[in-house]
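Please look over the sequence and the structure below before reading on. The briefing that follows goes through them topic by topic.

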Amino acid sequence: MAEVRLRVNGADRRLDIPPQVSLLDALREHLGLPGTKKGCDQGACGACTVLADGERINACLALAVQYADREITTIEGVDHPLQEAFVRHDGFQCGYCTSGQICSAIGMLAEHKEGIPSAVTEDPPAEGEELTDEEIRERMSGNICRCGAYNGVVEAVAEVVR
Ligand code: FES
Ligand code: FES
């Protein structure tokens, strides 16, 4: 067992868990935070996306012990205009991917603000350029939605950035 001290949604949490426990399992099964979803458990779907110091990560690929000094934010700790925008634009159907989509979108907006380019960004990136729908689709392409609510997701993100 390893003693792991995590900071999650602004609170200090202490766990005694085997060192191989993923951050996703630590959140869901040990800290009672089931909002972060397990889809593939191998880094392919984005359902488990959380923020670590504001950066989006796949919690299924992270060991909890590696994140001891980081500020973790899960959907339970999110209060962002994107949430209402998703409702307004039907950015979900079953909702299984939604917490990951929203955490990912928050991280993505921060990346864009920092000037981090995507695969479809012009080279060099135009300063202060708004996110186009093409950019939103590319930057959110790591988050799979089996219900196919992609158009609503793009509209919701676009509403918030414009
Ligand atoms: S559950 Fe982590 S990427 Fe699919
Ligand atoms: S809303 Fe069902 S998987 Fe995305």
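Which residue just after H1 takes a positive phi? It is Gly32, with a phi of about 65°. This is a predicted model, in which local features need pLDDT of at least 70, side-chain atom pairs count only at pLDDT 80 or more, and totals for chains, interfaces and linings use all residues. Residues are numbered from 1 along each chain as its sequence is written, chains are lettered from A and ligands numbered from 1 in the order in which they are written, and side-chain values use heavy atoms, with hydrogens and water left out. Helices (H or I, at least four residues) and strands (E, at least two) are DSSP runs, numbered from the N terminus.

**The sheet**

- Five strands form an open sheet in the order S2-S1-S5-S3-S4, with mixed pairing; two strands pair if DSSP finds at least two bridges between them.
- S2 and S4 stand at the edges with a single partner strand each, so one side of each has no neighbour in the sheet.
- Neighbouring strands of this sheet are turned by 40° against each other on average, direction ignored.
- Axes are lines fitted to C-alpha atoms, for helices over the stretch in contact, and angles run from 0 to 180 degrees between N-to-C directions.
- Strands of a sheet pair through backbone hydrogen bonds, either parallel or antiparallel.
- S1 and S2 pair in the antiparallel sense over 7 bridges, and Val8 stands opposite Ala11 in S2.
- The hairpin of S1 and S2 has 2 residues between the strands, and Asn9 in this hairpin takes a positive phi near 50°.
- S1 and S5 pair in the parallel sense over 2 bridges, with Val8 opposite Ile72 in S5.

**Helices on the sheet**

- H1 packs on the sheet and touches S1, S2, S3, S4 and S5, and the direction of H1 makes about 100° with that of S2.
- H3 also packs on the sheet, where H3 touches S3, S4 and S5; the direction of H3 makes about 40° with that of S3.
- Helix H1 covers residues 23-30, and Leu23, Leu24, Asp25, Ala26 and Leu27 in H1 are buried (buried means under 20% relative accessible area, exposed over 50%, partly exposed in between, with a 1.4 Å probe and protein chains only).
- These buried residues of H1 pack against strands S1 (2-8), S2 (11-17), S3 (49-52), S4 (55-58) and S5 (71-73).

- Ser99 lies in helix H3, residues 98-113, and counts as buried because its relative accessibility is 8%.
- Apart from neighbours within four places in sequence, Ser99 is in contact (heavy atoms within 4.5 Å) with Gly35, Thr36, Lys37, Ala47, Thr49 and Ile75.
- Gln101 is also found in helix H3, and counts as buried because its relative accessibility is 1%.
- With neighbours within four places in sequence left aside, Gln101 is in contact with Phe86, Met140, Asn143, Ile144, Cys145 and Val153.

**Helix pairs with H5**

- H3 and helix H5 (residues 150-161) pack at an angle of about 40°, with their axes 12 Å apart.
- That angle makes H3 oblique to H5; angles under 35 degrees count as roughly parallel, over 145 as roughly antiparallel, 65 to 115 as roughly perpendicular and the rest as oblique.
- H3 passes H5 in a right-handed crossing; a crossing is left-handed if the near helix is turned anticlockwise from the far one by less than a right angle, and right-handed if clockwise.
- Gln101, Ala105, Met108 and Leu109 in H3 meet Val153, Val157, Val160 and Val161 in H5.
- Helix H2 (residues 81-88) and H5 pack at an angle of about 135°, with their axes 8 Å apart.
- H2 is therefore oblique to H5, and the crossing of H2 and H5 is right-handed.
- From H2, Pro81, Leu82, Ala85, Phe86 and Arg88 meet Val153, Ala156, Val157, Glu159 and Val160 in H5.

**Leu82 in H2**

- Leu82 has its place in helix H2 and is buried, with a relative accessible area of 0%.
- Not counting residues up to four places away in sequence, Leu82 touches Ile102, Ala105, Ile106, Leu109, Ala156, Val157 and Val160.
- The C-alpha atoms of Leu82 and Gln101 are separated by 9.8 Å, with the two residues 19 residues apart along the chain.

**Cysteines**

- A search of the whole structure finds 0 disulfides (a disulfide is a pair of cysteine sulfur atoms within 2.5 Å).
- Cys145 counts as buried at 5% relative accessibility, whereas Cys147 counts as partly exposed at 28%.
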